[in-house]
Amino acid sequence: MSNYVIIVAGGKGLRMGSDLPKQFIPVKGLPILMRTMQRFYDYDKNLNIILVLPKHQQDYWKQLCEEYHFDIPHQIADGGETRFHSSANGLSLIPDDAEGLVGIHDGVRPFPSVDVIARCYEAAAKFKAVVPAVPVVETLWKTEGCTEDRNLFRLGQTPQTFDIQLLKRAFRQPYDESFTDDASVVKRYGQPITLIEGNPENIKITKPFDLKVAEALCL
């Protein structure tokens, strides 16, 4: 039995206002993507890491690895047209007869706690499909002007973690625009999703303000 993580990093940096794809932007002297991979390596040095990158970014990534002497073992899969296709490409590098668990994680979420990662894999071993999530602290307004009970909602994070064979079966479904994340693919397949407590620091870095928060979290 082997466990995997697929780290999906296909950002272009448009909302960041940068020519450099956001996963390569340094935070406290280390590219975001390297910080992300380091968290999973800290969790389990035997975890099989698959990195999904657009083909045209792969040479630059290899240059960065040399520049930063970054030697965490990993395989590289080509990014796809959508998140669904990128995840599918990463999943294709896992043998079809593999038994174990696989997490799928956003490359620009460099701060999942090792404890949360561990609990995701532990829970997935029991429930087969797990999403870390945190409570909603703001008031939720519908566009027509009424509020929702925020206690009924959670903000989903990654790593979304699954039984490998379940995830492979779910990704044989045809692509649908309603697949907003990997858990939505599995839910459409008919598998209930179990939510576990995430960590608030596990932010997704997409805008310049997020970089300021990331810098503070590295102190």
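Counting ring pairs of Phe, Tyr and Trp (its six-membered ring) with centres within 6.5 Å, the tally for this structure comes to eight aromatic pairs. One of them joins Tyr43 and Tyr121, whose rings sit 5.3 Å centre to centre with 25° between the planes, so the pair is stacked (planes under 30 degrees apart; over 60 is edge-to-face and the rest tilted). Since this is a predicted model, local features need pLDDT of at least 70 and side-chain atom pairs count only at pLDDT 80 or more, while totals for chains, interfaces and linings use all residues. Residues are numbered from 1 along each chain as its sequence is written, and side-chain values use heavy atoms, with hydrogens and water left out.

Back to the tyrosines: Tyr43 belongs to helix α1 (residues 32-43) and Tyr121 to helix α4 (residues 114-127), so their pairing ties together parts 78 residues apart in sequence. Helices here are DSSP runs (H or I, at least four residues), as are strands (E, at least two), numbered from the N terminus. Tyr121 is buried at 2% relative accessible area, whereas Tyr43 is partly exposed at 23%; buried means under 20%, exposed over 50% and partly exposed in between, with a 1.4 Å probe and protein chains only.

Phe84 and Phe179 also stack, with ring centres 5.5 Å apart and planes at 20°. Elsewhere, Phe24, Tyr60, Trp61 and Phe70 make up one aromatic cluster.

Trp61 turns up again in the largest nonpolar core, a set of 26 residues in which Ile7, Leu33, Met37, Leu51 and Trp61 have the most contacts. Such a core takes buried Ala, Val, Leu, Ile, Met, Phe, Trp, Tyr and Cys residues joined through side-chain atoms within 4.5 Å. At least two of its residues come from each of β1 (4-8), α1, β4 (48-53), α2 (58-67) and α4, and α4 gives the largest share, six residues. A second, separate core has 24 residues, including Ile50, Phe84, Val102 and Val186.

Asn199 sits in the loop between β12 (194-197) and α7 (208-217) and is buried, at 7% relative accessible area. Beyond four places in sequence, Asn199 touches Phe111, Pro112, Ser113, Val116, Val134 and Gln157, contact meaning heavy atoms within 4.5 Å. Its side chain reaches the backbone oxygen of Phe111 at 3.0 Å.

Terms used: Polar contact = N/O pair within 3.5 Å; in protein donor to acceptor, adjacent residues only side chain to side chain.
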